[in-house]
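Visitor: Hi, I have just opened this one and would like a short tour. Could you take me through a few spots?

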Amino acid sequence: MRSWSSDQVGTWLASIGLEQYAAKFEENAMDGNALLSVDDQGMREIGITVVGHRIKLQKELDGFKRAAASAKKTETLLTFNQHYWCWH
C-alpha cells in the first residue's frame, strides 16, 4: 500500500465503496504513503465531510496498518531465524 500511486488509491477507494472521493484524493496528491498517514483532520481537509465515510475509511486503514505491522514482525522473525541458523 505504501508504494501505491494516487491512481491506485482511487481504485482502492472504489473497491471499498468510496469512489466519490477518488478525485479529491488525486487533487491532494494522496498516494499510498500519504494515505497511511492521513488522520481525521486530514480527511476533513480533503473534503470527506460525511462522518460515516471517515469512520469507514479509518477502519479500512487500521486494518492495513495491522496487517503491515504483522507482516513486519513476521519478516523480522524470519530474518532473525535465517541469521541464527546460518551461524549454528
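Predicted model: local features only at pLDDT ≥ 70, side-chain atom pairs only at ≥ 80, totals over all residues.

Visitor: Okay, rings then. How many aromatic pairs are there in the whole structure?

Guide: A search of the whole structure finds three, where rings of Phe, Tyr and Trp (its six-membered ring) pair if their centres lie within 6.5 Å, and planes under 30 degrees apart count as stacked, over 60 as edge-to-face and the rest as tilted. One of them joins Trp-4 and Phe-64, whose centres are 5.8 Å apart with the planes at 80°, so this pair is edge-to-face.

Visitor: And which parts does that pair tie together?

Guide: Trp-4 lies in the segment before helix 1 (6-15) and Phe-64 in helix 5, so the pair ties together parts that are 60 residues apart in sequence; helices here are DSSP runs (H or I, at least four residues), numbered from the N terminus.

Visitor: What does Trp-12 do with Phe-64?

Guide: Trp-12 and Phe-64 form an aromatic pair that is edge-to-face, with 5.6 Å from centre to centre and 70° between the planes. Ring pairs link Trp-4, Trp-12 and Phe-64 into a cluster.

Visitor: Is Trp-12 buried or exposed?

Guide: Trp-12 counts as buried, because its relative accessibility is 8%, and Phe-64 counts as partly exposed at 29%; buried means under 20% relative accessible area, exposed over 50%, and partly exposed in between (1.4 Å probe, protein chains only).

Visitor: Switching topic, where is Asp-31?

Guide: Asp-31 sits in the loop between helix 2 (22-27) and helix 3 (32-37), and it counts as partly exposed at 31% relative accessibility. Not counting residues up to four places away in sequence, Asp-31 touches Trp-4, Ser-5, Ser-6 and Val-9, a contact being heavy atoms within 4.5 Å.

Visitor: What does its side chain reach?

Guide: The side chain of Asp-31 reaches the backbone nitrogen of Asn-33 at 3.3 Å.

Visitor: Last one: which residues is Arg-54 in contact with?

Guide: Leaving aside neighbours within four places in sequence, Arg-54 is in contact with Asp-40, Met-43, Arg-44, Ile-48 and Thr-49. Arg-54 belongs to helix 5 (residues 51-87) and counts as buried at 6% relative accessibility.

Terms used:
Residues numbered from 1 in each chain as written. Heavy atoms only, no water. Helix = DSSP H or I, 4+ residues; strand = E, 2+ residues; numbered from the N terminus. Polar contact = N/O pair within 3.5 Å; in protein donor to acceptor, adjacent residues only side chain to side chain.
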